[in-house]
Amino acid sequence: MDIPYTVQPRPDTGVYNAKVGMWLFLASEVMLFGGLFSAYILLRVAAPEGTWPHGWLSIPLGTLNTLILALSAVTVLLAWAACKARMFDRYKFFQGITLLLGVIFLGIKGYEYHDKLTHYTVVLKDGRIADGHWVSATPSEVVLKGEFVAERSELADRRGRAKAHEEIRLARDQVQKMQVYGPAYNTYLALYFTMTGLHGLHVLGGLVVFAFLWGPGSRLWKTDPDRFTNRVEVAGLFWHFVDLVWIFLFPVLYLT
Amino acid sequence: MQATSPAIPASTHHPAHHPETGFWRTYIFSTDHKVIGIQYGITALCFLFFGFLLMLMMRWQIAHPGEPVPIVGPLLAAVLGDVAARGVMSPDLYNSFGAMHGTIMVFLGVVPLAVGAYGNYLVPLQIGANDMAFPRLNMMSYQLYFLGGIVMLTSFFIPGGAAQAGWTSYSPLATAIPTDGQTFWLIGMVFLITSSLLGSVNLITTIIQLRAPGLTWMRLPFFVWAQFTASFLLLLAFPPLETAGILQLMDKLAGTSFFLPTGLAIGGKLADISGGGSPLLWQHLFWFLAHPEVYVLILPAMGIIGEIIANNTRKPLWGYKSLVFSVLMIGFISFLVWAHHMYLTGMGTRISAFFQTTTMIISIPSVIILTALLISLWGGSIRFNTPMLFALAFLPMFGIGGLTGLPLGFSASDIHLHDTYYVIGHFHYVVAPGTIFALFAGIYYWFPKITGRRMNEYWGKVHFWGSLLFMNLIFMPMFVQGLAGMLRRMSDGGLQYSAAKVPGVAGALSGPILGLNNFILWAAAGLAIAQIPFIINFFWSIAKGQPVRSDNPWEATTLEWQTPTPPPHGNFLKPPQVYRGPYEYSLPGYDKDYVPQNQPPG
Amino acid sequence: MSLKAVHLVFVTALSALCAGLAVWKLVDFFRPTGQAGDLALGVVGLLCAAGVVVYGRYFLKKLKSVGYL
Ligand code: HEM
Ligand SMILES: [Cu+2]
């Protein structure tokens, strides 16, 4: 039994089934991220004056990732165009690059996560606050690379501040509270990890599909190139959505 | 089911030959929309039954607080342990049952039955398609639904029991209860939401792409329009709840404070959290889904009722176009009314004026639909069979439910009524004698197409009259209790606020008001008994019911009746061509009083 | 909408992002607190925006025969 319009577009709607399906799915994705961005706006607007963090993320790395995703959007388009022009080798080349770019994006993201998850704020019993990256620890002592501050609020805005490099040794029995820069640290980091995490999962999903279409899935080319081209297009639609989300995430989390 | 088919081997009428498939591929991992529809239907009916049992136990606890639950009490004590010691429901257990009753009825019962089962089985048939657009995705939707159900059920047996914060799961309460029930609830919801999303993508694509030649939009049966709109609501309203679910899961597991405010104290101790979150954010995200969700509950029901009324009055539906536009309008406006569930959160008068206005506006298309269905009856020679009785009862029951919604839509009156039994009465009138009656009507109506046999009429009528009587005896007194100020979600049924406990306090609940709890308990027991004829009739008729003599026993016009009975894999013997609208009944100049949509002109 | 249409949307959004970044950083630079880094980032943003627009016109010309639906 064959379902109609899986390959050729239906004349009166002008599209094939999978494209309609993907668009509907993306509509729901818009609502999903729309919910997240509304949460972001509501929580940020409600935050008390002067507590919202600025400059906590590396703008060069964020910019690099933006460029990488933008480039991958281009290569996805080129891969599809190659399919349309019936040039399979060209398709393989561009799809391969897309895959590579996606992996690099996730690698950089992983590095940024690592940077946050090795960063600590330590409140000492005498009221001082140490803030810095983890160097080493023994049962009696924690060593951080960072600085001392008097008030937590000094940590909020880090734009244009040089990175502190002095090594701080903290005796364990002086430590009152030690907090990692994870999701539980504050609302900003909670949003950062949740939003980029969900976005990262989407990137990962897209990469799995691309890997399939690059590897085993590309066998379909020999039997039904039209259908294969459709698949590349639909995967590309999803990838463009993922890239678009990043274009909103980047200014919202890195720049402002 | 195959056994009752009038022996049309699946391979003879197909251009492509099919290899025989084994049991597993045919019944369990099937990609046939009809099998998946039936899977959805059976699973959802089981969940409805289970949710109903939870409710019966709760009604006992409300009417007789602290007394062991009869019959199942020892079982509860044995299975659940301390929370049901000696068979008495503890307040914790009552809360669990309440939260799970709502969740199961809405997300595991009615929606999967109305959209998953009815939509899957009927929409491809009614639009003349041979299957859904994405059959394998369809199978996956069902499996995700099933998994979500398993997660929800499992949560009853974990230490601390199932979720306790209501089907609305308001934070911070939901996060603060120190058990894993809420985590299970959230994970289960993520499965269910994903299943709904995939299902609605599939259904909408099918309707857009796979309509038979000649089946233009304005020739679609009303039922298809209703499913189309309901699917769009699922598609666009569920994702924000998924967001909310993920955020609450983060609160629960990763220690974030999305919904936890600064200075939150739990059990008299300052919670060790970063704070800065917003409990209202949860409510907004939740109701942004949950108001459209209530229309997902009602629209397919309206669609079913429309089909049955047209068929049994032997007349076209009155005002087909206004019905269609009303449904679309409901779909659209239902995204703009959500905060009428939140008047008590202290929103400003301007915002509340906006939501009061949209709430009043959305009742207009609802009334148009009800009126059009009512006028459709006018001058018809009505056949009073079981499906039609349920359909007729739907109209006034939905009417009561809708009308009692209006006082809730005004913030001035809602401040008195919010969180009382009045609200419970309101929405149960729309969902129970409303939607569930429509679902019953649909079962009686389409049973002959699915099985090739009719359900017994006599016992069907017994089922109908019993259900109608007891439904009203259950829900009508709730309005009285609510107006008297009795709050919902209290495990002692309001005893602590009764005049007996707090004598001389103005507004304390009087003896007769509390006494209604007992009345409702026995009415609920009556409703349970009234379902026995249905259950027996259902199974008995599958095997022994009166076989139908034609493929179109109700002499209907829509395409699902122009297939073999039951429809084979691939549905139609030859691809149908449509020539006319959906309800050409009693046309002058024809020898029969119905003209199927695929009958050529002349 | 085809991949071409979405790519167009994407290119538009990307150029808006770059242009926005440029304006924002240049405004920062001309404030009394402005730093050289602001100027650099602003110019880079401007160049990127221009580059993206040029690319957009190129790709539209290249894919002229492909539909938007
Ligand atoms: C037709 C006009 C309707 C209006 C004006 C209306 C209005 C309202 C309002 C204002 C509330 C909130 C009451 C409160 O919590 O204080 C409410 C609750 C509710 N309504 Fe309706 N409603 C209508 C129809 C429906 C329909 C058709 C359904 C379902 C099929 C429905 C299901 C519900 C449910 C489930 C709740 C309670 C949710 C909860 O708090 O647990 N309503 N309604
Ligand atoms: Cu509502």
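The model is predicted, so a word on ground rules: local features need pLDDT of at least 70, side-chain atom pairs count only at pLDDT 80 or more, and totals for chains, interfaces and linings use all residues. Residues are numbered from 1 along each chain as its sequence is written, chains are lettered from A in the order in which they are written, and side-chain values use heavy atoms, with hydrogens and water left out.

Let's start where chain A meets chain B. Here 35 residues of chain A are in contact with 40 residues of chain B (contact means heavy atoms within 4.5 Å). Together the two chains bury about 3,000 Å², with 71% of that on carbon and sulfur atoms; buried area is the accessible area (1.4 Å probe) that two parts lose on being put together, summed over both. Met1(A), Leu24(A) and Met31(A) supply 23% of what chain A buries against chain B, more than any other three residues.

Now turn to chain A and chain C. This contact takes 25 residues from chain A and 19 residues from chain C, and the two bury about 2,000 Å² between them, 85% of it on carbon and sulfur atoms. Leu77(A), His240(A) and Ile247(A) supply 25% of the area that chain A buries here, more than any other three residues. Across this interface the rule finds zero salt bridges and two residue pairs in polar contact, both at pLDDT 80 or more.

Inside chain B, have a look at Gln531(B). Gln531(B) is buried, because its relative accessible area is 12% (buried means under 20%, exposed over 50%, partly exposed in between, with a 1.4 Å probe and protein chains only). Its side chain makes a polar contact with the side chain of His463(B) at 2.9 Å, and a polar atom of that Gln531(B) side chain lies 3.2 Å from the backbone oxygen of Leu527(B).

Last stop, Ile28(B): this residue counts as partly exposed because its relative accessibility is 34%.

Notes
Salt bridge = Lys/Arg side-chain N within 4 Å of Asp/Glu carboxyl O. Polar contact = N/O pair within 3.5 Å; in protein donor to acceptor, adjacent residues only side chain to side chain.
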